[in-house]
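Good morning, and thank you for coming. Please look at the sequence and the model on the screen while I speak.

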Amino acid sequence: MRILCFLPDLDGGGAQRTLINLAATFKRAGHEVILSAAQAEGPARAWIDPSVETIAVGSGQLRNALLPLARLLRVRRPDVVLSSVIDANIVAAAARALAGMPRSKLVVRETNSQRARSDIG
């Protein structure tokens, strides 16, 4: 199976850790895996398994990733697109639609941000 994991950046957060770990696990299970990010530099880059192909899209800005990600999807034709973080999820959904890939599965992951919650000290 071809799997593309999409992140907005490689900052050192939990969303990045989760998708990077999933990408490595999928690769070890024998799947073809691409990890793509709008900003492909950052502390989380050190967490990426060297066997996982990494492709930067978007010139470092998530808003610029839509068309490059759609092109990547058209060329690589993943069976599954995984994304995490609300803005990246929106870009992934729009890129999938632009790429004309209705049969590929889109899996989005969203989490609570502790910074946005007033009930956590």
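Predicted model: local features only at pLDDT ≥ 70, side-chain atom pairs only at ≥ 80, totals over all residues.

Residues are numbered from 1 along each chain as its sequence is written, and side-chain values use heavy atoms, with hydrogens and water left out.

Let me begin with the cores. A nonpolar core here is a set of buried Ala, Val, Leu, Ile, Met, Phe, Trp, Tyr and Cys residues joined through side-chain atoms within 4.5 Å. Buried means under 20% relative accessible area, exposed means over 50%, and partly exposed lies in between, with a 1.4 Å probe and protein chains only. The largest nonpolar core has 18 residues, and Leu4, Phe6, Ala65, Leu69 and Leu73 have the most contacts inside it. Two or more residues each come from strand S1 (2-9), strand S2 (32-39), helix H2 (66-76) and helix H3 (86-99). Helices (H or I, at least four residues) and strands (E, at least two) are DSSP runs, numbered from the N terminus. Which element gives the most to this core? It is H3, with 5 residues. Apart from this core lies another, of 16 residues, which includes Cys5, Ala23, Leu35 and Ala44.

Leu4 shows what such a position looks like. Contact means heavy atoms within 4.5 Å. Beyond its neighbours within four places in sequence, Leu4 is in contact with Ile34, Ser36, Leu69, Leu72, Leu73, Pro78, Val80, Val81 and Leu82.

I turn to helix H1, residues 14-28. Its 15 residues reach 21 Å from the first C-alpha to the last, close to the 21 Å expected at 1.5 Å a residue; the expected span is 1.5 Å times one less than the number of residues. Ala15, Gln16, Leu19, Ile20, Ala23 and Ala24 are the buried residues of H1. Seen down the axis of H1, they fall within an arc of 160 degrees, so they line one face of the helix. The arc is that of the directions from the helix axis to the C-beta atoms. Among the elements covering these residues are S1, S2, S4 and strand S5 (105-109). Just after H1, Gly30 takes a positive phi of about 100 degrees.

Helix H3 can be described in a similar way. In H3, Ala88, Asn89, Val91, Ala92, Ala95 and Ala99 are buried. Their arc around the axis is only 165 degrees, which puts them on the same side of H3. On the other side of H3, Ile90 and Ala97 are exposed. The cover over the buried residues of H3 includes S1, H2, S4 and S5. Gly100 follows H3 and has a positive phi, near 70 degrees.

Finally, some individual residues. Not counting residues up to four places away in sequence, Ser83 touches Phe6, Leu19, Ala88, Asn89, Ala92, Val107, Val108 and Arg109.

Arg77, in the loop between H2 and S4, has a positive phi of about 50 degrees although it is not a glycine. Val85, in the loop between S4 and H3, likewise has a positive phi, near 90 degrees. Arg77 is partly exposed, with a relative accessible area of 37%, and Val85 is partly exposed at 28%.
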